[in-house]
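Here's a protein model to explore together. Take a look at the picture first, and then we'll walk through it.

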Amino acid sequence: MQLWRIYFYRAGLVLPLAITAAQDPTRQSVAAALTHLIMISGVVLAGAGFELYIIEPTGRPEPNWLVAILGGPALFLLGRAPFELQVFGRISRSRLVGLLAFGLLVPAAWPAPPLVAGAGATVVLAGIAVADARRAHGRAPAPPTPLM
């Protein structure tokens, strides 16, 4: 749910406008497709990670589980940041803070059961969604600022 909220926060809604307003719509479309490929890969990896987390939340910590549980949402954010740059000409601070938070969670979650990593990922994603909602509260959607 949080990945969906983060994706559709403004940029997902105005992408068609950004593409049509771009100097080179074909190049903008290809770049948007590549960022979507990264985001989808992150969603798939996050789905696998959260399935592992649900199956055995208090199990023995496994590094590959940690890669899926924390790496999936981080990969999604890595794809979402350039997508946002394409549409608005900037990257939200909440995306960068979220990536930093995922990086800081790795050493904390490494020796802990998957429950810790799953809870940490949920808190980070919820924080990004809340930051987006606060930023958008009372503000009309920004017009697209295509870079290409």
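What pLDDT does the protein chain average, and what share of the residues score at least 70? This is a predicted model, and its chain averages a pLDDT of 84, with 85% of the residues at 70 or above. Confidence is lowest in helix α1 (residues 2–8), where the mean is 69, and highest in helix α5 (residues 93–109), where it reaches 94.

Now for the charged side chains. The structure holds six salt bridges, including these:

| Salt bridge | N to O distance |
|---|---|
| R90 and E84 | 3.3 Å |
| R95 and E84 | 3.3 Å |
| D132 and R95 | 3.0 Å |

R95 sits in helix α5 and D132 in helix α6, so their bridge ties together parts that are 37 residues apart in sequence. Shared partners join R80, E84, R90, R95, D132 and R135 into one network.

Are these residues buried or exposed? D132 is buried, at 0% relative accessible area. R95 counts as buried too, at 0%, and so does E84, at 1%. R90, on the other hand, is partly exposed at 30%.

Finally, a look at the surface. V30, L34 and L37 make a nonpolar patch of about 290 Å². L37 belongs to helix α3 (residues 25–55) and is exposed, with a relative accessible area of 52%.

Conventions
Residues numbered from 1 in each chain as written. Predicted model: local features only at pLDDT ≥ 70, side-chain atom pairs only at ≥ 80, totals over all residues. Heavy atoms only, no water. Patch = residues over 30% accessible without salt bridge, like charges linked within 9 Å, V, L, I, M, F, W, Y side chains within 5 Å. Areas by Shrake-Rupley, 256 points an atom, 1.4 Å probe, with all protein chains shown as cover. Salt bridge = Lys/Arg side-chain N within 4 Å of Asp/Glu carboxyl O. Helix = DSSP H or I, 4+ residues; strand = E, 2+ residues; numbered from the N terminus. Buried < 20%, exposed > 50% of the residue type's maximum accessible area, 1.4 Å probe, protein only. pLDDT = per-residue confidence, 0-100.
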